[in-house]
Amino acid sequence: MAADDRYMNLSIPEIREREDRWLFPTYRRYDLFVGRGSGTAVFDLEGRRYLDFLAGIAVNALGYAHPRLTRVLREQSERLIHCSNLFYHPFQGELARRLAELSGMEKVFFTNSGTEAIEAALKISRAHARSRGHHDKTRLLAMKNSFHGRTLGALSITAQDSYQAPFRPLVPDVEIVEAFTVEALERAFSERVCALVCEPIQGEAGVVPVPREVLQAARALCDRYDALLVLDEIQCGLGRTGRYFAFEHTGVRPDLMTLAKSLAAGYPLGAVLGNARVAGSLKPGDHGTTFGGGPLACRLALEFLDVLEEENLVAHASELGAYLVAGLRGLAARHDMIGEIRGLGLMVGVELGAAAREVVTRLLARGVIANCAHDTTLRLLPPLVVTCRDVDEFLAALDAVLAEVAAGAAASREG
Ligand code: PLP
């Protein structure tokens, strides 16, 4: 049967006009009208190729149209897309088992997104304290510049004024740890704290790793005050940093961990995983979701985990990340604009100061997708299947763009 291409034939002005007229204007979009993807590239509606160093913001870990995923998607969609959490299906428990075995955790709850995984973690944190008879142990700690999502609970622990300001009052009893230091953590802790939530590497803040000694102190303080350590691995988890989970680089194990993004390699799926300490915190009826953990999402996630393992993509992320960072350091020797280069594996941030946004726009004009985080950082999150050739292509484009931007800045100084 021929594909039904009715909507693919909408013109660019028609697409824009519909969005302007009918959508809440929540997104500032770039002028890229995406038609399809293949491997590490996407193609716009006119067929122009873009090398993708953002991967749907760390979602498309296997790139686009990976044959293993498209096969499973086709097969499972013909069998069963959705069935509700009132019933069993073969994939949810098996996926939970696989994730638990990979991470050393005990229990899993599936969601549709990262922010919902965070919500579940917050509820488990308070439920855990209550289940131990601590009725006033409700305080949640979060780190400066954190990003955990946009629902009210997740937003309350997202310590960025621009995201929070329009929506206050937020969830009460949240305190922000104002510096990445052991002293700041110690000041924030008390018997009232039920959990500390922390991204091991802050993504939206511009790829900022939390220092190892701070994470270790966080673990010790959580133990001392009988609080839970919640690590948000929504962006940095599942192989991106060259280990299955970023916490593996730190020697610190969480009580709860959140995942989403690439979990079903492009299909919406999130999860919160808990260790033995929290395994008994929820009873039937305490939490739930209509879609979370559905058969299609879980089947895709199982395939994703198989491909990660069989194609050795976690080690590949480590190697290609090192290759990328070495190339960036080479560029830094020639371009003053490049400041600090941070990250692990294929989660990389490059400080570019005020030029970051212009660099991203100019890269796009040259057919390369990247991202600007926190205004000054070029954030790179390529698919885990990226090749050395892709990295070389990216570096050549960045080299040219940095030269253009520097020439533009020099011209405007002279003019
Ligand atoms: N936590 C982190 C670390 C994230 O990077 C994100 C999304 O960017 C979220 C939570 C929220 O996830 P979602 O957008 O799937 O709700």
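Tutor: Lys and Arg count as positive and Asp and Glu as negative, while His and the chain ends are not counted. The place of a charge is NZ of Lys, CZ of Arg, CG of Asp or CD of Glu. The model is predicted: local features need pLDDT of at least 70, side-chain atom pairs count only at pLDDT 80 or more, and totals for chains, interfaces and linings use all residues. Residues are numbered from 1 along each chain as its sequence is written, and side-chain values use heavy atoms, with hydrogens and water left out.

Student: How far apart are the mean positions of the positive and negative charges of the chain?

Tutor: For 46 positive and 52 negative charges, the mean positions are 2 Å apart.

Student: What makes strand S5 largely enclosed by the rest of the structure?

Tutor: Buried means under 20% relative accessible area (1.4 Å probe, protein chains only). Of the 5 residues of S5 (residues 139-143), 4 are buried, so the strand is largely enclosed.

Student: How do you know that S5 and strand S7 pair?

Tutor: Two strands pair if DSSP finds at least two bridges between them. S5 and S7 (residues 193-198) have 4 bridges in the parallel sense, with Arg139 partnered by Val193 in S7. S5 is also joined in parallel to strand S6 (residues 174-177) by 4 bridges, where Ala142 stands opposite Ile176.

Key. Buried < 20%, exposed > 50% of the residue type's maximum accessible area, 1.4 Å probe, protein only. Helix = DSSP H or I, 4+ residues; strand = E, 2+ residues; numbered from the N terminus.
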